[in-house]
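Subject: Structure handover

Hi,

Here is the structure we talked about. Please load it before reading on.

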Amino acid sequence: MIITLPNVFETIKKRFKLLIIGVLIATGGNFGSSAVHAQSYSFDDILFGVAYYHEYMPYERLEEDVRLMKEAGINYVRLGESTWQLWEPRDGEFEFEWMDRVVNAMHKAGIKVIMGTPTYSIPAWLYRKYPEIAAMQENGQRLKYGIRQNVDLTHPVYLYYSERVIRQIVEHYKANPAVIGYQIDNETHSKWPDGKENHVQYIEYLKKKFQTVGEINKVWGLNYWGQAINDWGELHPPSGFNHPGYRLEWARYQRFTVTDFLAWQASIVKKYKGASQFIVHDFAGALRSDLDQKAISAVLDYAGVNIYHYDQDKSDGLRIAMQGDFTRSLKMKNYLVPETNAASIGWNSREQFPPYDGQLRLNYYAHIGSGANLVSYWHWHSLHNGIEQYWRGVLPHDLKPGRIYKEVAAIGHEREKLGKKLVNLKKNNKVAILFSEDSDVALNLQRFDNNFKGPETGPWDADGAYQKILTRFYKILYDLHVEVDFVFENTENLNQYQVLIVPSLYIASDAMLSKLNAYVKNGGHLVVTMKSGFCNEYSAVRHDTMPAGLTDVAGFTYQEFSTLRNPVPLKGDPFKAKNENYTEQWVEFLQTITAKPLAFYDHPFFGKYPAIVRNNSGKGAMTYFGSIPSESIMKSILTSVLDERNLLSTDQQLPETIKVKHGISNSGRNLHFYYNFSPAEQSFSYTYSDGINLITNQPVQKNIVLTLKAWDVAIIETK
């Protein structure tokens, strides 16, 4: 089919896409703080609400829904992101009356609105007219209609129609007092399209980054198997190409296409929106390696994350905390949660686990305690049609208020009293974890793990070793009540952290390794795991002695390594780990220079090599794991590191199921959030300054014994 479109796409292509590529390359993936100017809207209260789809209702009930929302203390809804067909029922015909009616009703009730751009699910007429906008996969199959997010984000036809509908919506609502912001797209990710057009764009991307085919041949080492190219036309498409350097750059390109797409959407919204309206995107979870969430966040006013987690007997707050800490770290400011569990969730009815009484409220405060300024349930009513019939909402299928609604209302009324005190919570964390999308991608290609189980963090547990190791570290810190930030390769000031944890930094540039060296020399304690520094930024194994780039601060070297068929114990159980006295998956043959061995393998061959070492260097130190220790061993070592840095407190004396988070309020008061993730009543000693329990409005004295009921929370405010 020959496509004839107005010149708008060429304008987009020339003025924005190539500009963004240049910016990405120049900044190493960081758009910089000037990408989005400071927005006028600022949070003075917690926003609490739902995603609302009046268009899905089986009968007319807008007035009733608004009444129920208002009675429940809901002060926010997200609208419009899922129904392009209603915004534009036919090509070029736009309708707003159906949504105006909803927005006006919300405004009359004092409920604020975030409007979504509807680009993640295309209308049937658009697919029928241009089926080629669906993404072509590496297996040669084009995605079909009937699923969401089936399009190629770079396709000119899709971009043209997306730009038009976005502009129409934003222009229509830019002056509407109910609409405080826009969510661009929804849970965006790349479908890894691999068509002819994508290959041309990939080559353009490579030209911008590497300039010449000679440089590509060099950094990828394409003399291997005689695959060096003489000109760009000889570069093979990715399907079937298993070269590590190629695959890593292809993954970066896919991340870039998402960043570019969302930056492009943000630029349109920014051009037409009202001055006080903000821009947000809702990531489908945090710590993703198919997105550059840090770069995307630079074009947003607020980062958002959809956090779905375990309830019932698996409720522990871990996923809420980890996802929240990561998202807060993207902009080092408060974040939004546009979607989280209201009731049971699932693509079918096989695993339906609605929260026990009290868990919904506990989870709400868990989000707030990590720095969320908005908590919103997906969704208002349980759906009667579509694949998400069992992803249940605040109202059950009969649309009558029930148990979930009553608990939401209890939260809403507490929000009315406490929201202004809890909004804009600030953190002052001294421990950070380095996150590397590149290492995650590369280690999923060059896997070393075998039946390696990581902590369960929610419905979508990590399946790769990198994220399992990272999550094990995070869970240990969470259980120790030590809050963390996440840092990235372009994070400038690492020295603000006393301890920096680096899980398997398999892909690392010289600049990143220099930054880690400097961190240690300047006084930080670096905790690093095996396979770090092994490859450069092009996934080429470094030809330096391992750990390449870190040997000075590490105080050891190694040349050999081995897979472990079975776990190997440590000699003498040095960390009193008992049944968990083992390491697994991998072993590096460490040879110490100045490093002090902390443990050796109990093995006839591996026993001559230390499993864990520590080295002092400059003003700081580095602890290194040459294998993957059990959670118990890692916890023992991290505890000693934290203790040396005076980062432990009386929090570590709390009962196992009591979790605590800390922060500073808008008014400069200290806030201490205590959570009882337990079906039983729990008592503990409160050890901070005299204050007031904001939940009960009762005074609390230092060293008093506090008692929390099952699935309950206490928030103590002190000076």
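This is a predicted model: local features need pLDDT of at least 70, side-chain atom pairs count only at pLDDT 80 or more; totals for chains, interfaces and linings use all residues.

Below are the findings, from the whole chain down to single residues.

Residues are numbered from 1 along each chain as its sequence is written, and side-chain values use heavy atoms, leaving out hydrogens and water.

Overall form

The C-alpha trace spans about 75 × 75 × 45 Å along its principal axes. There are 18 helices and 29 strands. These are DSSP runs, numbered from the N terminus: H or I with at least four residues for helices, E with at least two for strands.

Buried residues make up 62% of the protein chain. Buried means under 20% relative accessible area, exposed over 50%, and partly exposed in between (1.4 Å probe, protein chains only). The chain exposes about 28500 Å², and carbon and sulfur atoms supply 49% of that area. Areas come from the Shrake-Rupley method with a 1.4 Å probe; for residues, only the protein chains shown count as cover.

Of the contacts with a separation of 6 or more, 74% join residues 24 or more positions apart. A contact means heavy atoms within 4.5 Å.

Charges: 77 positive and 78 negative side chains, with the centres of the two sets 3 Å apart. Lys and Arg count as positive, Asp and Glu as negative; His and the chain ends are not counted. Each charge is placed at NZ of Lys, CZ of Arg, CG of Asp or CD of Glu.

Cores

A nonpolar core is a set of buried Ala, Val, Leu, Ile, Met, Phe, Trp, Tyr and Cys residues joined through side-chain atoms within 4.5 Å. The largest holds 202 residues, of which Y52, M115, W380 and F486 touch the most other members. Helix α9 (residues 244–272) gives the most to this core, with 11 residues. Another core, of 19 residues, lies apart from it; Y205, L206, V219 and F241 are among its members.

Leaving out residues up to four places away in sequence, Y52 touches, among others, M57, D65, R78 and W380.

Y364 lies in helix α12 (residues 359–369). Y364 counts as buried because its relative accessible area is 2%.

Backbone points to check

Most residues other than glycine have a negative phi, and most peptide bonds are trans. Which bonds are cis? The one from W378 to H379 is cis, with omega near 20°. H379 sits in the loop between β8 (372–377) and α13 (403–422). The bond from M546 to P547 is also cis, with omega near 0°. P547 is in the loop between β12 (525–529) and α17 (551–554).

Two non-glycine residues with positive phi follow. Q149 has phi of about 50°, in the loop between α5 (124–129) and α6 (156–173). Q149 counts as buried, at 10% relative accessibility. W225 has phi near 60°, in the loop between α8 (213–220) and α9. W225 counts as exposed, at 61%.

Best wishes
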